[in-house]
Amino acid sequence: MTRPHLYIGDRNYSSWSLRPWLALRRGGVAFDETVVSLPDEGGGAPAFQAISPTGRVPVLHLGAVRIAESLAICEWAAEQAPALWPSDPIARARARSFAAIMHSGFPDLRREAPMNLRRRSDCGRMTEAGLRDARAMDALWQEELQASGGPFLFGDWSIADAMYAPAATRFETYAIPRSDSAARYIQAIFAEEAMAEWVRLAMMEATALARVDRA
């Protein structure tokens, strides 16, 4: 098989890139990677059309085949490394549900608190809608962590945790209030080896996106 090649955005800002990168690393899937700078105006960039069918990153190249969208790339990683999902069928279904909820949900939190690993701010500019999203996410985490016993959502690390890892960074960047369970979960996310490597590399980047840095 052609060695997979993952194109990602700036590590400091690209929440959607972080997710499949973590899944591939945790799954032990060998891959090459290229970091492409995100446009400051938001959305995709014309140059991305050459590498991605959506004009956005991340995108995984498997030879001539291009796999776009974070969750689809994560699912491909799980085909290579099934342990990326829980082995129990019910837990696996719930983990997929959690991943899908993150993929399509919490729009106000994502808009008002964009991922920015190098920044430390507060949640004073967030609206009640954004804080309500954060509380709803916290409640989801609490429910599953209590059921599984942690330290991750379904006990062992899974793609569900990859999907929520960028959200965990938002709680830290903007000092968003959290429950004790959520605080322990966020600590576990940051302590995980692949996540720590991503953060380390993000801190070395020079790219600055004004639209995110002033959010």
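The model is predicted. The sheet is open, with strand order β2-β1-β3-β4 and mixed pairing. Helix α1 packs on that sheet, touching β1, β2 and β3. Helix α1 also packs with helix α8, at an angle of about 135 degrees.

**Sheet layout**
- Four strands make up the open sheet, and their order is β2-β1-β3-β4.
- β2 and β4 (65-68) stand at the edges.
- Each edge strand has a single partner strand, so one side of each is left without a neighbour in the sheet.
- From one strand to the next, the twist averages 20 degrees.
- Strands of a sheet pair through backbone hydrogen bonds, in either a parallel or an antiparallel sense.

**Strand β1 and its partners**
- Strand β1 spans residues 5-8, and strand β2 spans residues 32-35.
- β1 and β2 run parallel and are joined by four bridges.
- Y7 has T34 in β2 as its bridge partner.
- Strand β3 covers residues 59-62 and pairs with β1 in the antiparallel sense, over three bridges.
- L6 has L60 in β3 as its bridge partner.
- H61 in β3 stands opposite H5.

**Helix α1 and the sheet**
- Helix α1 (residues 15-26) forms a right-handed β-α-β unit together with β1 and β2.
- The sheet strands touched by α1 are β1, β2 and β3.
- The direction of α1 makes about 150 degrees with that of β1.

**Helix α1 against helix α8**
- Helix α8 comprises residues 193-203, and its axis lies 9 Å from that of α1.
- The two helices pack at an angle of about 135 degrees.
- The crossing of α1 past α8 is right-handed.
- On the α1 side, the contact involves S17, L18, W21, L22 and R25.
- On the α8 side, these meet A194, M195, E197 and W198.
- By class, the contact of α1 with α8 has six nonpolar, one polar and two charged residues.

Note on methods: Residues numbered from 1 in each chain as written. Predicted model: local features only at pLDDT ≥ 70, side-chain atom pairs only at ≥ 80, totals over all residues. Heavy atoms only, no water. Pairing = 2+ DSSP bridges. Right-handed = clockwise from strand over helix to strand, strands pointing away. Axes fitted to C-alpha atoms, helices over the stretch in contact; angles between N-to-C directions. Left-handed = near helix turned anticlockwise from the far one by under 90°. Contact = heavy atoms within 4.5 Å. Nonpolar A, V, L, I, M, F, W, Y, C, P; charged D, E, K, R; others polar.
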